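Biologist: Could we walk through this model together, slowly? I would like to learn where each label comes from.

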Amino acid sequence: MKTPAPGSHVTVLLQESVAMLLPALGAGAVRRCVDATGGRGGHSAALLEHLQHQDMLLILDRDPSAVAALQERFGHDERVVVRQARFSEIRAVLQSLDWDSVDAILADLGVSSPQLDEAERGFSFLRDGPLDMRMDPDTGISAAEWLNTAAEKEISQVLKNYGEERFARPIARKIVQERTQTPLQRTGQLAALIATVVPRHDPGFNPATRSFQGIRIFINHELEELEQFLPEAMAALRAGGRLAIISFHSLEDRMVKRFFRADSYRVSSDLPLRAAEIPPLPWRAIGKSLRAGAAEVQMNPRSRSAVLRVAERSDRHAA
Ligand SMILES: C[S@@+](CC[C@H](N)C(=O)[O-])C[C@H]1O[C@@H](n2cnc3c(N)ncnc32)[C@H](O)[C@@H]1O
């Protein structure tokens, strides 16, 4: 099995996601696309293969290192605009570019391999580094600042809800005990502490995996970002435009699924409604959710939990 080089990122569901967006690239004079999570540019490069010289691709990432790498990779391409921004800010960025609507938007959620590989970023339980975990290290508080001050109950809830960690309570208790002696500063320190609480059944699965995931999602407000992004992205699409989301966490996938089925948009009422009174949905899900095939999972184990969902905008006046 080929191991990706450090600093590189193996793009997940690459062909599938781009193929699902292609029908949205109509015959307009100028087609405009957005890669909302540029990373190292795997999806962007694949999208660019389908764009003509007059078309445009906006690439966003909140991580300044990703933005520098994207500038380096695509800076020479006149079809590309790279911006450091959170994807929840998509409409403000589009406004600043005078783009009133776009044809296709893609978001490949979560963290990239370079973020995990670089010990200094503090995402990794395998490589000791400062306990940071911020995708944008200039914004918000670090994992260490939070873990050294948060209430035990809050820590336990984050580990349980975002990390789906069964041992959330004893881990949170141990963190609060430890920090009264020695403040938590290093990823190795936190991983070692978790290993004293969580029994290790599977030698291939690090007991810190779930806790690190939960803390990362919390520190970066990942679910709040997605919740704000979905309606903003949908509102930015032209009629017939498509939004593709690749998620890696069941809470994210549930949010996307519900939004695409427009559960949140439909009138929620106990009163009986006649069919004619139910407002038409301003978008529709395209096909079923898609997962990586066996070959991709074998080549890139990170793709095991990936789910791709796509929706198409059907009008331009709701949302
Ligand atoms: C899974 S990687 C994307 C990889 C990319 N598709 C590629 O092929 O290289 C996710 C990227 O999204 C960025 N990201 C995560 N949440 C974000 C947000 N709310 N706004 C903007 N960028 C975000 C991360 O910094 C990371 O670089």
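Modeller: Let us begin with leucine 97, which sits in the loop between helix H4 (90-96) and strand E4 (102-108). Helices (H or I, at least four residues) and strands (E, at least two) are DSSP runs, numbered from the N terminus. This is a predicted model, where local features need pLDDT of at least 70, side-chain atom pairs count only at pLDDT 80 or more, and totals for chains, interfaces and linings use all residues. Residues are numbered from 1 along each chain as its sequence is written.

Biologist: Why does leucine 97 count as partly exposed?

Modeller: A residue is buried if 20 or more other C-beta atoms lie within 10 Å of its own, exposed if 12 or fewer, and partly exposed in between, with C-beta atoms placed from the backbone. Leucine 97 has 13 C-beta neighbours inside 10 Å, so it counts as partly exposed.

Biologist: Which residues is leucine 97 in contact with, leaving aside its neighbours within four places in sequence?

Modeller: They are Leu58 and Val81. Two residues are in contact if their C-beta atoms, placed from the backbone, lie within 7 Å. The C-alpha atoms are another matter: those of leucine 97 and leucine 58 are separated by 9.5 Å, and the two residues are 39 apart along the chain.

Biologist: What makes a set of residues a nonpolar core?

Modeller: The set must consist of buried Ala, Val, Leu, Ile, Met, Phe, Trp, Tyr and Cys residues joined through C-beta atoms within 7 Å. The largest one here has 51 residues, and Ile90, Ile105 and Leu243 have the most contacts inside it. Helix H11 (residues 222-236) gives the most to this core, with 6 residues. Apart from it lies another core of 28 residues, including Phe125 and Ile175.

Biologist: What are the contacts of isoleucine 105, leaving aside neighbours within four places in sequence?

Modeller: Isoleucine 105 touches Val34, Ala36, Ala233, Ala236, Leu237 and Leu243 by that contact rule. In soluble globular proteins, nonpolar side chains tend to be buried together.

Biologist: How do you know that the radius of gyration of the chain agrees with a compact globule?

Modeller: The radius is taken over C-alpha atoms, and the globule rule is 2.2 Å times the number of residues to the power 0.38. With 319 residues, the rule gives a radius near 20 Å; the chain has 21 Å, so the two agree. Of those 319 residues, 42% count as buried.

Biologist: How many helices and strands does the chain have?

Modeller: There are 13 helices and 7 strands.
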